[in-house]
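Work through the exercises below with the coordinates open. Try each task before reading its solution.

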Amino acid sequence: HLKQTSPTTVEELTPAVLSLAAIQRVLAGLLAERVPINDLARIYEALVLRGKTSTEIPGLIDAARAALGPAIAARFAEDGRIRVVMFDPMLEQQMLEGMRVVDGNPQIVLTPEATLQVLESVRRTVSELTQAGPEPVLVCAPSLRQAVRRMLAPQVESLPVLSYDEAGAAGHATDVVGVVRIAPSALPSAAG
């Protein structure tokens, strides 16, 4: 159907830039993160631009999310405000330093103790906040977003993870309602 309204975009994307299987993987990745895919024209345009430099699925998903930023944030806004949970700045810095790409997928490498504490802190914080009002979202640095989502999905599957850019894309005010913290002794710099 998109070919009828945006034939140039469709022809430019497939099969020259991406296969239909790759496009399907991107769309499935967006749906897994509860991102609506009804604006296929915008998604395809983002995929055309990103696909010319890289065809790695995580990067393509991020490109599509960036194009859909305002729509993503709007889903979690209530009365023009978004309830956000953030990482403690020291923890987020350690997570950034622990970023690795394994088989094309971003991962955060922390000590086992730190990883367990992060997961428990997120579970506890989200559980408390879910009972107290509208659904909160976890926000983090754009370069961490996919790795955080990958780390948390098995434990807190329904928690939306947005980048700072996505959370602010629609101009909604953000209310920080929770901070994920771990014991300072679990951070490598404190232990080393």
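The model is predicted: local features need pLDDT of at least 70, side-chain atom pairs count only at pLDDT 80 or more, and totals for chains, interfaces and linings use all residues. Residues are numbered from 1 along each chain as its sequence is written, and side-chain values use heavy atoms, with hydrogens and water left out.

**Exercise 1.** Find the buried residues of helix H7 (residues 89-97) and say how they are arranged about its axis.

Solution. Step one: take the helix as a DSSP run (H or I, at least four residues; strands are E, at least two), numbered from the N terminus. Step two: apply the burial cut-offs, with buried under 20% relative accessible area, exposed over 50% and partly exposed in between (1.4 Å probe, protein chains only). Leu91, Glu92, Gln94 and Met95 are buried. Step three: look down the axis of H7. The buried residues fall within an arc of 160° (directions from the helix axis to the C-beta atoms), so they line one face of the helix. Pro89 and Met90, on the other side of H7, are exposed. Step four: check the N-terminal end. Asp88 caps H7 there, with a side-chain oxygen 3.1 Å from the backbone nitrogen of Met90.

**Exercise 2.** Describe how H5 (residues 57-67) crosses helix H3 (residues 20-32), then how H4 (residues 40-51) crosses H5.

Solution. H3 and H5 come within 9 Å and cross at roughly 60°. H4 and H5 come within 8 Å, at roughly 135°. Step two: classify. Angles under 35 degrees are roughly parallel, over 145 roughly antiparallel, 65 to 115 roughly perpendicular, and the rest oblique. H4 is therefore oblique to H5. H3 and H5 are oblique to each other too. Step three: list contacts (heavy atoms within 4.5 Å). Ala22, Arg25, Val26, Gly29 and Leu30 in H3 meet residues of H5 including Leu60 and Ala64. From H4, residues including Ile43 and Leu47 meet residues of H5, among them Leu60 and Ala64.

**Exercise 3.** What is the phi of Arg34, and what is that of Asp79?

Solution. Step one: recall the background. Most residues other than glycine have a negative phi. Step two: read the angles. Arg34 has a positive phi of about 60°. Asp79 has a positive phi near 55°. Arg34 lies in the loop between H3 and H4 and is partly exposed at 31% relative accessibility. Asp79 sits in the loop between strand S1 (77-78) and strand S2 (81-87), and is exposed at 75%.

How values were computed:
A polar contact is a pair of N or O atoms within 3.5 Å; within protein, one must be able to donate a hydrogen and the other to accept it, and residues adjacent in sequence count only if both atoms are side-chain atoms. Axes are lines fitted to C-alpha atoms, for helices over the stretch in contact, and angles run from 0 to 180 degrees between N-to-C directions.
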